[in-house]
Amino acid sequence: MTRFAAIVTAVMLATPATADPFEEFGTSMKYGLPLAAAVCAADQGRFEDFAIRGAAQAVIVLGLKAVFDGSDIGMRPSGLGRGFPSGHSAAAGFGAADLASKCFDDPGLGAAAYGAAGLAAASRVHAGEHTPAQVLAGSLIGISFGAASFGFGGEGASFDLGLRF
């Protein structure tokens, strides 16, 4: 129960002061889900692997933003560039997948984490910051790295989405 309380506290601390409520929720999940997953990773003694995977997904997202800047897929609905892939969606997906696959024994909690990440992605489309393709790409990158384990400081490399039925 202490781990769950720490995770909820981490998510709540990530709430921004002002914004559209749906956009605010999405930004909260961009920070809150990975922060909650970091707390869990530290508690479980796997923070090194978590940090490496998180850094790798961030580098890939930023690299793709640079590569596709100025192209059609890289254009945001506002006309600005560096829209592909969505960093908010990647970060939220990363946190959700790590929580679901490594921290939660209850599939319902994993589904809730993925649902929160999905709403974070939808909030970026709602805010006019990204297209559906951009948030889908970001989500897939984040979920892939969140569900993986590279084996640093642990048992070995693996991949698990965490929704066991």
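## Helix α2 against helix α4

In this predicted model, helix α2 (residues 21-43) packs on α4 at an angle of about 35 degrees, with the two axes 8 Å apart; axes here are lines fitted to C-alpha atoms, for helices over the stretch in contact, and angles run from 0 to 180 degrees between N-to-C directions. Helices (H or I, at least four residues) are DSSP runs, numbered from the N terminus. The crossing of α2 past α4 is left-handed, a term used if the near helix is turned anticlockwise from the far one by less than a right angle, with right-handed used if clockwise.

On the α2 side, G26, T27, M29, K30, L33, P34, A36, A37 and C40 meet H88, A91, A92, G95, A96, D98, L99 and C103 of α4, where contact means heavy atoms within 4.5 Å. Sorted by class, the contact of α2 with α4 has 11 nonpolar, 4 polar and 2 charged residues; Ala, Val, Leu, Ile, Met, Phe, Trp, Tyr, Cys and Pro count as nonpolar, Asp, Glu, Lys and Arg as charged, and the others, Gly among them, as polar.

Residues are numbered from 1 along each chain as its sequence is written, and side-chain values use heavy atoms, with hydrogens and water left out. Because the model is predicted, local features need pLDDT of at least 70 and side-chain atom pairs count only at pLDDT 80 or more, whereas totals for chains, interfaces and linings use all residues.

## Helix α3 against helix α4

The axes of α3 (residues 47-68) and α4 (residues 87-103) come within 10 Å and cross at roughly 155 degrees, and α3 and α4 are therefore roughly antiparallel to each other, the word applied to angles over 145 degrees. Their crossing is right-handed. From α3 the contact draws on F50, R53, G54, Q57, V61 and K65, and from α4 on G87, A90, A91, F94, D98 and K102, a set that divides into 5 nonpolar, 3 polar and 4 charged residues.

## The loop between α3 and α4

The loop between α3 and α4 holds P85, and the peptide bond leading from F84 to P85 is cis, with omega near -10 degrees. R82 has its place in the loop between α3 and α4 as well, and its phi is near 55 degrees, a positive value in a residue other than glycine.

## Helix α5 against helix α6

Helix α5 (residues 107-126) and helix α6 (residues 132-147) have axes that come within 9 Å and cross at roughly 150 degrees, which makes α5 roughly antiparallel to α6. The crossing of α5 past α6 is right-handed. Here Y114, A121, R124 and V125 of α5 meet P132, V135, S139 and I143 of α6, and by class this contact has 6 nonpolar, 1 polar and 1 charged residues.

## The largest pocket

The largest pocket has a volume of about 270 Å³. A pocket is, on a 1 Å grid over the protein atoms alone, an open set of points where a 1.4 Å probe fits, with protein on both sides within 12 Å along at least five of seven lines, and lining residues have an atom within 4 Å of a point; grid points are joined across faces, edges and corners, and the volume is the space filled by probe spheres set on the points.

Of the 18 residues that line the largest pocket, K30, Q57, A58, G87 and A91 are the closest to its centre. Two or more lining residues come from each of α2, α3 and α4, and α3 gives the largest share, 9 residues. The lining divides into 10 nonpolar, 5 polar and 3 charged residues.

Technical notes
Angles under 35 degrees count as roughly parallel, over 145 as roughly antiparallel, 65 to 115 as roughly perpendicular and the rest as oblique.
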